[in-house]
Amino acid sequence: MHVPLLDLTLQHREIRDEVLAAVTSVIDRQQFIMGPEIAVLEAAVAELCRTSHGIACASGTDALLLPLKGLELQPGDEVIVPAFTFFASAGAVANAGGTPVFVDIDPVSFNLAPAAVEAVITPRTRAIVVVHLFGQMAPIEAILALAERRGIPVIEDAAQAIGARRRIGGQWRMAGELGWVGTLSFFPTKNLGGYGDGGMIVTSDPSTAGRLARLRLHGGAKQYHHDEIGTNSRLDSLQAAVLLAKLPYLAGWSAARRARAARYATGLADLVGIQTPGTDPENEHIFHQYTVRAERRDALQAYLRAREIGSAIYYPVPLHLQPCFAHLGYDRGRLPETERATDQVLSLPVYPELTDAQQDWVIDSIRAFYAKR
Ligand SMILES: Cc1ncc(COP(=O)(O)O)c(C=O)c1O
């Protein structure tokens with residue numbers, strides 16, 4: 001049985017008519033740049049994240065880059081980033097002129113460890129990027145406590161965690177709600193994916209919102225008048241229309257992913273060789289990825305591939321050991337939990353349209369692999 005890691009055609013089939021109607025209306029109106037869909041989407045996503053402002057932009061990478069540029073980093077300024085994340089979290093820091101300072105992760109949640117953050121704060125620390133990896137929030141309250149005491153802004157990279165929430169002081173708080181800014185990606189494979197690249201910054205700081213809205217439009221509030229040097233990082237109206245059509249489905253899709261995750265947890269629970277992902281009891285996970293730790297990971301992946309089951313290694317190389325960061329001088333062994341994770345992780349199919357039969361085939365195949373050891 002064929003079980004791809006993700007099959008977006010299935011989701012598209014369900015919502016095809018709504019998406020095509022939304023796209024057609026943009027095409028009929030011919031307002032492709034900053035059309036009315038943009039402000040509607042910004043308001044809707046800000047509301048979801050419980051922030052007062054949303055600033056749509058060209059990608060999740062730019063959603064990180066724009067606020068980092070806004071900090072006007074000087075050579076030697078440091079930004080703390082987990083070493084176990086997608087490249088953009090750290091690449092944006094370097095592109096904004098800062099030096100990434102990599103920290104290790106908590107082995108259960110794969111999210112950055114607050115104690116590791118505290119250990120590397122220096123007088124040159126200008127920001128902390130908290131990544132909510134795979135769809136569950138990092139302990140943002142602990143990081144904010146460290147950062148606020150020192151006046152350091154916190155950027156929540158919520159590219160993989162739109163709509164995820166965490167109980168803090170007895171109240172649900174959304175991914176992106178509490179940091180200085182939260183950043184989102186609408187890359188097609190994300191829980192809320194466009195039909196191309198896209199991203200958004202959310203914030204409840206009105207002056208930050210105004211500044212970032214200008215920076216994405218060449219730094220000017222008024223056309224052909226430039227207060228500072230920005231860039232072109234707009235979201236297309238077409239993408240906003242697609243995302244608005246999909247947004248009402250997001251909560252249901254994420255709940256379906258949680259149900260799939262629960263089924264894996266049961267099906268793989270007693271298996272020596274597999275460690276299913278841990279959810280912090282204070283979190284509601286959206287399972288952008290369902291990522292296990294596997295003994296003999298590469299052999300398991302090959303075995304699954306032979307059975308036409310898709311899987312992926314997010315991420316195979318820790319960021320502190322990437323060649324482009326060699327000049328920063330990190331050696332292997334420096335961030336052991338990150339390095340262990342990169343050797344062990346395997347992400348399994350977890351999309352809402354996965355059938356029980358397909359998921360059973362994945363579970364049975366993993367069990368068969370470890371039975372033949
Ligand atoms: C954690 C994280 N940050 C940032 C990004 C960048 O988003 P984009 O691909 O939309 O530029 C991604 C995308 O995969 C991501 O997973």
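This is a predicted model: local features need pLDDT of at least 70, side-chain atom pairs count only at pLDDT 80 or more; totals for chains, interfaces and linings use all residues.
The residues lining the second largest pocket divide into three nonpolar, five polar and two charged. For these classes, Ala, Val, Leu, Ile, Met, Phe, Trp, Tyr, Cys and Pro count as nonpolar, Asp, Glu, Lys and Arg as charged, and the others, Gly among them, as polar.

Residues are numbered from 1 along each chain as its sequence is written, and side-chain values use heavy atoms, with hydrogens and water left out.

**Pockets and cavities**

On a 1 Å grid over the protein atoms alone, a cavity is a set of points where a 1.4 Å probe fits but cannot get out; a pocket is an open set with protein on both sides within 12 Å along at least five of seven lines, and lining residues have an atom within 4 Å of a point. Points are joined across faces, edges and corners, and a volume is the space filled by probe spheres set on them. By this rule there are two cavities of 30 Å³ or more. Here are the spaces side by side.

| Space | Volume | Lining by class |
|---|---|---|
| Largest pocket | about 540 Å³ | 14 nonpolar, 11 polar, four charged residues |
| Second largest pocket | about 220 Å³ | three nonpolar, five polar, two charged residues |
| Largest cavity | about 90 Å³ | six nonpolar, four polar, five charged residues |
| Second largest cavity | about 60 Å³ | seven nonpolar, six polar, no charged residues |

The largest cavity has 15 lining residues, and Leu-8, Gln-11, Lys-190, Arg-257 and Pro-352 lie nearest its centre. Helix 1 (8–29) and helix 9 (250–268) are the elements that give two or more residues to this lining. Helices (H or I, at least four residues) and strands (E, at least two) are DSSP runs, numbered from the N terminus. Around the second largest cavity there are 13 lining residues; nearest the centre are Ser-109, Phe-110, Phe-134, Pro-277 and His-285.

**The ligand and its pocket**

Now to the largest pocket, which is the space taken by the ligand. A molecule sits in a pocket if more than half of its atoms lie within 2 Å of the grid points. This pocket is lined by 29 residues, with Gln-160, Phe-187, Thr-189, Lys-190 and His-288 nearest its centre. Helix 3 gives the most to the lining, three residues, and helix 3 and helix 4 each supply at least two.

Some polar contacts (pairs of N or O atoms within 3.5 Å) deserve a close look. In Thr-61, a polar side-chain atom lies 2.5 Å from an oxygen atom of the ligand. Gln-160 likewise places a polar side-chain atom 2.8 Å from a ligand oxygen atom. Asp-157 has a side-chain N or O atom 2.7 Å from a nitrogen atom of the ligand. Taken alone, the ligand exposes 390 Å², and the protein buries 92% of that; these areas come from the Shrake-Rupley method with a 1.4 Å probe.

**Two backbone details**

Tyr-314 and Tyr-315 are joined by a cis peptide bond, with omega about 15°. Tyr-315 is found in the loop between helix 10 (297–306) and helix 11 (336–344). Arg-50 has a positive phi of about 55°, although this residue is not a glycine. You will find Arg-50 in the loop between helix 2 (36–48) and strand 1 (53–57).

How values were computed
A polar contact is a pair of N or O atoms within 3.5 Å; within protein, one must be able to donate a hydrogen and the other to accept it, and residues adjacent in sequence count only if both atoms are side-chain atoms.
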